[in-house]
Amino acid sequence: MAEPVVGSVIPSDLYGFAERLTDAERAVVLDLRKRLETTVRPLLNPAWDAAELPQELVDAVRSLPLMDPPALKEAGEPVRRLLTGFRNFELARCDINVGTLYNAHAGLFRTAVLLGGSPQQVADLDPRILDYSLTGVFGLTEPDHGSDVAGGLATTATYDAATDSWVIDGAKRWIGGATISDVVATFARDTADGQVKCFLVPRTAEGVTMEIIPHKASLRIMQNAHIEYRGVRVPATARLERIDSFKDVARCLRAMRSDVAWMATGATAGAYEAALRYVRQREQFGRPLAGFQLIQEKLALMLGNLTSSLGLMVQLTEQEETGVYRDENSALAKMVTARRLRETVALAREVCGGNGITLDTDVARFHADAEAVYSYEGTHEINALIVGRAVTGVGAFV
Ligand code: FAD
C-alpha cells in the first residue's frame with residue numbers, strides 16, 4: 001500500500017495550516033506530541049474505563065511546559081494565540097479529557113484572571129497559575145441555569161462592610177476539575193446592584209461542599225463537580241476587580257469559545273487519524289478496508305470536516321491576534337467545529353465496525369467525549385442564536 005498523504009507538522013493537516021507556525025512553535029507542538037504519547041496516552045484507557053482521574057494523569061498534564069514554553073523564551077518569541085490554538089488542537093488530538101483538563105486551568109481559569117483581574121491581581125496571580133502553585137477552575141453554570149445563565153444566574157454575593165468581605169450563597173454544576181483545584185472562580189450576583197461579579201473561592205473554604213457528578217457517559221476521565229455554597233465568606237481581595245457585570249463575563253467567554261473550537265478541531269483530527277489507521281490494517285474480503293470506495297468516501301468526508309475546521313480556526317485566530325474579538329465570530333467557530341466533530345466521530349466509529357465501540361481503536365473515546373464538547377462552552381443552539389442576533393440585529397433567545 002502506498003504511504004498516505006501527510007502534513008509536515010500534523011499528519012492530517014492536508015493544506016499545511018500548521019506551517020504558519022514558526023520553527024520554534026512547531027518544535028513546541030512536536031515536543032508536546034512526544035510527551036503526550038509517552039506519559040499520557042498509556043494512562044487513558046484504564047482511566048476512561050474506570051471513570052477516574054488518576055493523580056498520575058493530573059501530574060503528567062501539569063508537567064507539560066505549555067503555558068509559557070521555555071523553548072519559545074529561548075527563541076525570543078512571544079506566546080502567540082496561533083500556538084495556543086495548535087496546543088489545544090494537539091492536546092485534544094490525543095484525547096478530549098486531557099484537553100479539557102488542561103483547558104479548565106490554563107484556558108478558562110487563567111482567562112478569567114487575565115481579563116477579569118486588576119493589573120495588581122494579574123501580576124500576583126498569573127505567575128502562580130503558570131507554575132501551578134495556584135490551580136483554579138471556572139464556575140459559571142448552575143443547576144437551574146445553563147443556557148440562560150446570563151440573565152438567570154442565581155448564586156448571590158453580599159458585601160459585608162464591617163469585615164470587608166463577601167458572603168456567597170448558591171450552587172454551581174458541571175464545574176470541570178473543581179475537586180482537584182485550589183480555587184473556583186465563582187460567578188455570583190451582587191445583592192446590592194444585581195450585577196454578576198467573580199470571586200476566587202477556595203475549595204476548602206467553610207461552607208463549600210463538592211460532589212463529583214457520577215455515571216457520565218462522556219468525558220469519563222474528567223471529573224465535573226456539583227458545588228454548594230452556604231454562607232461562604234471570602235475577603236474583598238478575592239474578588240476579580242474588572243468583572244463588574246455579565247458583559248465582562250462575555251469578554252471571557254469570547255476567548256474561551258475559540259479555545260474550545262480548537263479542541264473540537266483537534267479531536268476531529270484524532271478521530272480521523274485513528275479511523276485511518278484502523279482501515280489501513282483491517283482486512284475484509286481479502287484486502288484492507290482502506291481500499292474500498294465507500295470507506296474512502298467516508299475518509300474524505302472526515303478529512304473535509306477537519307480541513308474546513310482548521311481553516312476556520314486559523315483565520316479566526318489570526319484575526320484575534322490583531323485584537324479583533326467578536327461574540328459571533330467565536331460562537332460561529334464553536335458551533336461549526338463541534339458539529340463537524342460530531343459528524344466525524346460518527347463516521348470514524350462507523351468505519352471501525354464493532355471494534356469502533358471498544359476502547360482498542362481510540363475512536364470510541366472520541367465518539368463518546370465529543371458529546372460533551374458539543375454542549376459545553378455554549379450549546380449548538382445558543383451559539384447559533386449569538387450568530388443569529390449578530391446577522392439579523394434581533395435577539396431570539398427568549
Ligand atoms: P440547558 O441550558 O438546559 O439546555 C438544554 C437544551 O436546550 C440544549 O440543547 C440547549 O441548546 C437548548 N436550549 C436552551 N435554551 C434555548 C433557546 N433559547 N432556544 C433553543 N434551544 C435552547 N460550566 C462551567 O461553568 N464550568 C465548567 O467547567 C463546565 N464544564 C462542563 C463540562 C461538561 C462535560 C459539561 C456537559 C458541561 C460543562 N459546563 C461547565 C456547563 C455547560 O456550559 C452547560 O452544560 C451548557 O451551557 C448548557 O447548559 P445545560 O446543560 O444546563 O443545558
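Biologist: Is Ser-330 buried or exposed?

Modeller: Before that, note that this is a predicted model, in which local features need pLDDT of at least 70 and side-chain atom pairs count only at pLDDT 80 or more, while totals for chains, interfaces and linings use all residues. Residues are numbered from 1 along each chain as its sequence is written, and side-chain values use heavy atoms, with hydrogens and water left out. Buried means under 20% relative accessible area, exposed over 50%, and partly exposed in between, with a 1.4 Å probe and protein chains only. Ser-330 has a relative accessible area of 1%, so it is buried.

Biologist: Which residues does Ser-330 touch, not counting those up to four places away in sequence?

Modeller: Contact means heavy atoms within 4.5 Å, and on that basis Ser-330 touches Arg-254, Arg-257, Ser-258 and Leu-316.

Biologist: Where is the place of Gly-107?

Modeller: Helices are DSSP runs (H or I, at least four residues), numbered from the N terminus; Gly-107 lies in helix α5, residues 96-116. Gly-107 counts as buried because its relative accessibility is 3%, and, leaving aside neighbours within four places in sequence, it is in contact with Tyr-102 and Asp-259.

Biologist: At what angle do the axes of α5 and α8 cross?

Modeller: Axes are lines fitted to C-alpha atoms, for helices over the stretch in contact, with angles from 0 to 180 degrees between N-to-C directions. Those of α5 and helix α8 (residues 246-281) come within 10 Å and cross at roughly 160 degrees. That makes α5 roughly antiparallel to α8, a term for angles over 145 degrees. Among the residues making the contact are Gly-107 of α5 and Asp-259 of α8.

Notes: Helix = DSSP H or I, 4+ residues; strand = E, 2+ residues; numbered from the N terminus. Parallel < 35°, antiparallel > 145°, perpendicular 65-115°, else oblique.
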